[in-house]
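Grab a pencil and open the structure viewer. Let's work through a few exercises together, one step at a time.

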Amino acid sequence: MFKKIVIFGVGLIGGSVALALKKLPNPPQIVGVGRSELSLQEALTLGLIDHAETDIASALQNADLVLIAAPVAQTPAILKAIRPHLSAQTVITDAGSTKSDVMAYAQAELGQQFNQFVGGHPIAGAEKSGPGAAMADLYVGKNVILTPAAVTGPEAVQKVATLWHHCGALVSNMRPEEHDSVFAAVSHLPHLLAFALVEDLAKRNNAELLFKFAASGFRDFTRIAGSHPEMWRDIALANKQALLQELNMYQQAVSEMTALLENNDDKGLFDLFEHASEARNAWA
Ligand code: TYR
């Protein structure tokens, strides 16, 4: 089905798609485009891509699909650059963690060809980044959310769903706003909290001592604080409204916990821990 795929951003996310596609019986040609010459060279050396291309026109020639896998704030510039070279056959999708902003950018930048764009978000990743972190099985059994618009062509949605099925993922659809409020709660908030906790400790005079004795609980809570700073800056700003609401609710939760502790409310603390523990264990 795919003969040529162009990936903007061949890091952990784009590179893992490339590696998964390379395992197909008839793998497509994979062209990488990116800001960093170094990353593209690494992607070539690792065999993630067949070509690194700096000329967008030749990259897009006869492309079946373009995947944008760069930090979300780069999306408008990438769409602007590809628009003049986009044929009616090329489907465009992205892997950004926020969807309302990306859908608005696509509508603004692609005009008539907005119907060839399908917003996407693979719910998979790691705190590691770059081409060297790519894994062929990153998406196996993982969810991918697509956010087609009313005007999106059904064949375009089908093509993007097929791309992710090739990677072993489970595909479902959501409205962009619903997507952004769900992921503000279960992904964006926890990432911000992890960054905040690590930063709070790292700034202290005795940080060295603290980190020396931090163990598995700290490791589990803060793994995602090792994530890509630019990617998370862009996500935080793109999903600012939903995130501010989540931070607000979390602050209330922390206040309630503080009050229970100040009041030596042993029953209150136990009930809260029991309820949360049951919810966590029922999920995982
Ligand atoms: N950073 C997350 C982890 O390490 C993965 C992830 C990040 C998934 C962003 C989705 C996403 O939008 O587990």
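Predicted model: local features only at pLDDT ≥ 70, side-chain atom pairs only at ≥ 80, totals over all residues.

Residues are numbered from 1 along each chain as its sequence is written, and side-chain values use heavy atoms, leaving out hydrogens and water.

**Exercise 1. Work out the strand order of the open sheet and find its edge strands.**

Step 1: Strands here are DSSP runs (E, at least two residues), numbered from the N terminus. Two of them pair if DSSP finds at least two bridges between them.
Step 2: Reading across the eight strands gives β3-β2-β1-β4-β5-β6-β7-β8, with mixed pairing.
Step 3: β3 (51-52) and β8 (170-173) each pair on one side only, making them the edges.
Step 4: Now zoom in on β2 (residues 29-33), which runs parallel to β3 and is joined to it by two bridges. Across from V31 you'll find H51 in β3.

**Exercise 2. List the residues around the ligand and sort them by class.**

Step 1: Sorting gives six nonpolar, four polar and two charged residues. Ala, Val, Leu, Ile, Met, Phe, Trp, Tyr, Cys and Pro count as nonpolar, Asp, Glu, Lys and Arg as charged, and the others, Gly among them, as polar.

**Exercise 3. Find polar contacts (N or O atom pairs within 3.5 Å) to the ligand.**

Step 1: Start at S97, where a polar side-chain atom lies 2.5 Å from a ligand oxygen.
Step 2: At R223, a side-chain N or O atom is 2.8 Å from an oxygen of the ligand.

Notes
Helix = DSSP H or I, 4+ residues; strand = E, 2+ residues; numbered from the N terminus. Polar contact = N/O pair within 3.5 Å; in protein donor to acceptor, adjacent residues only side chain to side chain.
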